[in-house]
Amino acid sequence: MMKRISINIIERTNWLWRLLMTGLCFTLFGLGGLLLSLIWFNLLLVFQRNEDKRSHLARHSISLSFRLFLFLTKKLGVLDYHFNGLDKVRADKGCLIVANHPTLLDYVILASALPDIDCIVKSALLRNPFISGVIRSARYPVNSDAETLLPVCRGRLASGHNILIFPEGTRTTPGQSMTLQRGAANIAVRCECDLRIIHITCSQRMLDKKSQWYQIPPKKPIYTITIGEQLTNENFAVDTENGHAIAARQLNRQLTQLLTPSN
């Protein structure tokens, strides 16, 4: 009986510690994004006039800040994470990287390990004071208009940049089947690029579509990022009988199957 009480006290103390440290980490994360936008990125505007070099420096600064944030969360016991097959995606050039989106930290973890990656972001994020400066300085493509997004993606991919996209458009809703928007498939088909699949899993429910930051799990969550297969453009190239729309629809169904986690 006393042993069980001791175990419960230890578990409760651990939970309270992780709750406090989660609040601390996210406070520092928000302040870090604000300081980058207000100070560092404005300094880059003054001292680096070349736009390409400036965005390169901005992305590496963002990646470094994410690595520091994740280092802090690991050391404080908030979470842990590990990659499987990271070298595969680091070797990709001009590739559309397609990932599922179970939690709020998916982009943070990926960008921490892939500093030069482009990421397609929602236009609504430009109204967020903590990250709007990050998006603009890194020159991430914004999905506000397909007519302008496609040429931007085509140019970035043709120059060897990798582009990250979460085709669900938002975080996965727990308990519901995965539904993909057709943006990723349209970009792949129309830009004639290769695809890299990435699977993200989290051992505990944390920061998903229906969770607040303070609703932390009973045990420390562990993220697993698995770099999956590559689909070459020949797998979904448009032929003379089918148009882009049909090819994108077929590819979207394939991506749904590849990204849906196996039980």
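Among contacts (heavy atoms within 4.5 Å) between residues at least 6 apart in sequence, 77% join residues at least 24 apart. The model is predicted: local features need pLDDT of at least 70, side-chain atom pairs count only at pLDDT 80 or more, and totals for chains, interfaces and linings use all residues. Residues are numbered from 1 along each chain as its sequence is written, and side-chain values use heavy atoms, without hydrogens and water.

The chain holds 8 helices and 6 strands (DSSP runs of H or I, at least four residues, and of E, at least two, numbered from the N terminus). Their order from the N terminus is α-α-β-α-β-α-β-α-α-β-α-β-β-α. For 263 residues, a compact globule would have a radius of gyration near 18 Å; the value here is 20 Å, which agrees. That radius is taken over C-alpha atoms, and the globule rule is 2.2 Å times the number of residues to the power 0.38. Buried residues (under 20% relative accessible area, 1.4 Å probe, protein chains only) make up 42% of the 263.

The structure contains 7 aromatic pairs (ring centres of Phe, Tyr or the six-membered ring of Trp within 6.5 Å; planes under 30 degrees apart are stacked, over 60 edge-to-face, the rest tilted). The ring centres of F66 and Y107 lie 5.5 Å apart with planes at 90°, so this pair is edge-to-face. F66 sits in helix 2 (residues 51–75) and Y107 in helix 4 (residues 106–113), so the pair ties together parts 41 residues apart in sequence. Both F66 and Y107 are buried. One aromatic cluster comprises F26, F29, F66, F69, Y107 and Y140.

Key. Buried means under 20% relative accessible area, exposed over 50%, partly exposed in between (1.4 Å probe, protein chains only).
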